[in-house]
Structure formats: structure tokens, C-alpha cells
Amino acid sequence: SFVGDFKWTAEAIINILKNGVEHTHEGGLIAISFSENALFTEIIIADNGKGIPKEDLPYIFKRFYKGKNASEGSIGIGLAMAYSIIASQNGVIDVTSSSDKGTQFRMKFYKQVI
């Protein structure tokens, strides 16, 4: 659990899932998992798609950035929007990816500790 905006958080997660669907081959795998501890709730979305090229990774959360593997209709705002939504809720998002092995997005929503 975490304290946040349900609709906006769902929008962020949908944007990440949409990215995974677009870049994972038919019959591929997209997995969603979560964990929780006293400091944060973490949501992990991982796929076994074609991955994000190493040179694109530093820029994928920048608005209007379209990487080498961007889909034809992409305008480059989905991941930037997800980043902004998560950051505005005291969260962080990071990504790891390997060509032809897949991508993993990790979202941490930090709790207020008194």
C-alpha cells in the first residue's frame, strides 16, 4: 500500500505497460510484482522484449524523446509522464535494460516516516 493518487498512478503504470507491450514480441512475458517494507512500496514491471538500447537509457524519461526502437506513432511523452507522476508522489522510478533480454522498471513510493 501507499498514499497517492490512484488514477494518476494507474496512468503511470499503464504507460509503462503499454511500452512493454509495444516492445515485447508475441508470446513474450510481462510481469508485475511488488514488495513493501517500512520505508517504501515497490512495484516492478519487467518484460523479456527487445530491450532499450544502452545509449537511449539516460534519456527515456525526457519529454518528447524517442529512442531508436520507438514505435511509429510514438510522440515521446508516455515514460516522461510516468516519471513526473511518480516523482510528484514522493516516488522514484529507474530502469535497467539489456538488448534482446528485456527491460525492468522499478517504482518506489516512499512512506512518510516519523
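**View 1. The hairpin formed by strands β3 and β4.** Strands β3 and β4 form a hairpin with 3 residues between them. Within the turn, Asp100 has a positive phi of about 65 degrees. The structure is a predicted model, in which local features need pLDDT of at least 70 and side-chain atom pairs count only at pLDDT 80 or more, while totals for chains, interfaces and linings use all residues. Residues are numbered from 1 along each chain as its sequence is written, and side-chain values use heavy atoms, with hydrogens and water left out. Strands (E, at least two residues) are DSSP runs, numbered from the N terminus.

**View 2. The pairing of strands β3 and β4.** Strand β3 covers residues 91-98 and pairs with β4 in the antiparallel sense over 8 bridges; two strands pair if DSSP finds at least two bridges between them. Val95 has Phe105 in β4 as its bridge partner. Asp94 stands opposite Arg106 of β4.

**View 3. The pairing of strands β2 and β4.** Strand β2 (residues 40-47) runs antiparallel to strand β4 (residues 102-110), and 8 bridges join them. Here Ile44 is the residue that stands opposite Arg106 in β4.

View 4. Tyr110 lies in strand β4. This residue counts as partly exposed because its relative accessibility is 35%; the term applies between buried (under 20% relative accessible area) and exposed (over 50%), with a 1.4 Å probe and protein chains only. Leaving aside neighbours within four places in sequence, Tyr110 is in contact with Leu39, Phe40, Asn90 and Val92, where contact means heavy atoms within 4.5 Å. The C-alpha atoms of Tyr110 and Leu39 are separated by 5.8 Å, although the two residues are 71 residues apart along the chain.

Definitions and conventions: Helix = DSSP H or I, 4+ residues; strand = E, 2+ residues; numbered from the N terminus.
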